[in-house]
Amino acid sequence: MKKALLILSLLLIVGCKSKTVSRDTDDLKIKKVVEAEINSNQQKKAYQLGKRVLETCNTSKFKPFDETEVTKTVMENTTEERLTKTCLKFRQFYGSFIDLKLDGVYKTRQETIYRYHALYTKKVANKELRIFVDESNLISAIKSMDWDESFDAKIN
């Protein structure tokens, strides 16, 4: 009985090999957008929504997004509870949010990425905010992370 179970287990493991997935590498390529080609209306929208999220940390009031601004996924994931939790950490470590400074605009096949340097009152704060805008001109992702000085070097 034990031998039969062992053989059956081995057959299952051997039979479940992973598939290789081919992916077009153009989907993954990020290219820097020159300043003359930046969509100023889209840039304003990205800036205003990013600033609105981070100013929540200063005011403790969040104006929820609507379907004309962000995708459904972003709307569901950006809740007042999640923002409050993140804001508590940010205020403790970085101080009050001051402003966003645009560092660069990048493009993939399907999205435009606005990369902002987030400015805080404490000098130790070195954070960035990336706003992803899809082809429908909706914010498809908002991502906060530590500032990466070598970002431009990585994409070239």
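Reader: Hi! What pattern does the protein follow, read along the sequence?
Author: Hello! Along the sequence, the pattern is α-β-α-α-α-β-β-β-β-α. Keep in mind that this is a predicted model.

Reader: Thanks. How many helices and strands are there in the protein?
Author: The protein has five helices and five strands.

Reader: And how do the five strands form a sheet, in what order?
Author: They make an open sheet in the order S1-S2-S3-S4-S5, with antiparallel pairing. S1 and S5 (139-146) are the edge strands, each pairing on one side only.

Reader: What holds strands of a sheet together, in general?
Author: Strands of a sheet pair through backbone hydrogen bonds, in either a parallel or an antiparallel way.

Reader: Okay, back to this one. How many bridges pair S1 with S2?
Author: Two bridges, in the antiparallel sense, between S1 (residues 31-32) and S2 (residues 97-107). Lys-32 has Tyr-106 in S2 as its bridge partner, and Lys-31 stands opposite Lys-107 in S2.

Reader: How many bridges join S2 to S3?
Author: Nine bridges join S2 to S3 (residues 111-120), and these strands also run antiparallel. S2 and S3 form a hairpin, with three residues between them.

Reader: Nice. Which strands does H2 touch when it packs on the sheet?
Author: H2 touches S2, S3, S4 (127-134) and S5. The direction of H2 makes about 145 degrees with that of S2.

Reader: Switching to helices: at what angle do H2 and H4 pack?
Author: H2 (residues 40-59) and H4 (residues 80-94) pack at about 70 degrees, and their axes are 9 Å apart. That makes H2 roughly perpendicular to H4.

Reader: Which residues make the contact?
Author: From H2 there are Val-53, Thr-56, Cys-57 and Asn-58, and from H4 there are Leu-83, Cys-87 and Arg-91. By type, the residues of this contact of H2 with H4 divide into four nonpolar, two polar and one charged.

Reader: New topic, aromatics! How many aromatic pairs does the structure hold?
Author: Seven aromatic pairs. One of them is Phe-90 with Tyr-94, an edge-to-face pair at 5.4 Å centre to centre, with 85 degrees between the planes.

Reader: How many residues apart are Phe-90 and Tyr-94 in H4?
Author: Phe-90 and Tyr-94 are four residues apart in H4, so about one helical turn separates them.

Reader: Is Phe-90 buried or exposed? And what about Tyr-94, buried or exposed?
Author: Phe-90 is buried, with a relative accessible area of 10%. Tyr-94 is buried too, with a value of 15%.

Reader: Which other aromatic pair does Tyr-94 form?
Author: Tyr-94 also pairs with Tyr-120, and this pair is tilted: 5.6 Å centre to centre, with 45 degrees between the planes. Tyr-94 lies in H4 and Tyr-120 in S3, so the pair ties together parts that are 26 residues apart in sequence. Both Tyr-94 and Tyr-120 are buried.

Reader: Which residues form the aromatic cluster?
Author: Phe-90, Phe-93, Tyr-94, Phe-97 and Tyr-120 form one aromatic cluster.

Reader: Last one, about the whole protein. What percentage of the residues count as buried?
Author: Of the 156 residues, 35% count as buried. As for contacts with a separation of 6 or more, residues 24 or more positions apart account for 51% of them.

Technical notes. Residues are numbered from 1 along each chain as its sequence is written. This is a predicted model: local features need pLDDT of at least 70, side-chain atom pairs count only at pLDDT 80 or more; totals for chains, interfaces and linings use all residues. Side-chain values use heavy atoms; hydrogens and water are left out. Axes are lines fitted to C-alpha atoms, for helices over the stretch in contact, and angles run from 0 to 180 degrees between N-to-C directions. Angles under 35 degrees count as roughly parallel, over 145 as roughly antiparallel, 65 to 115 as roughly perpendicular and the rest as oblique. Contact means heavy atoms within 4.5 Å. Ala, Val, Leu, Ile, Met, Phe, Trp, Tyr, Cys and Pro count as nonpolar, Asp, Glu, Lys and Arg as charged, and the others, Gly among them, as polar. Two strands pair if DSSP finds at least two bridges between them. Rings of Phe, Tyr and Trp (its six-membered ring) pair if their centres lie within 6.5 Å; planes under 30 degrees apart count as stacked, over 60 as edge-to-face and the rest as tilted. Buried means under 20% relative accessible area, exposed over 50%, partly exposed in between (1.4 Å probe, protein chains only).
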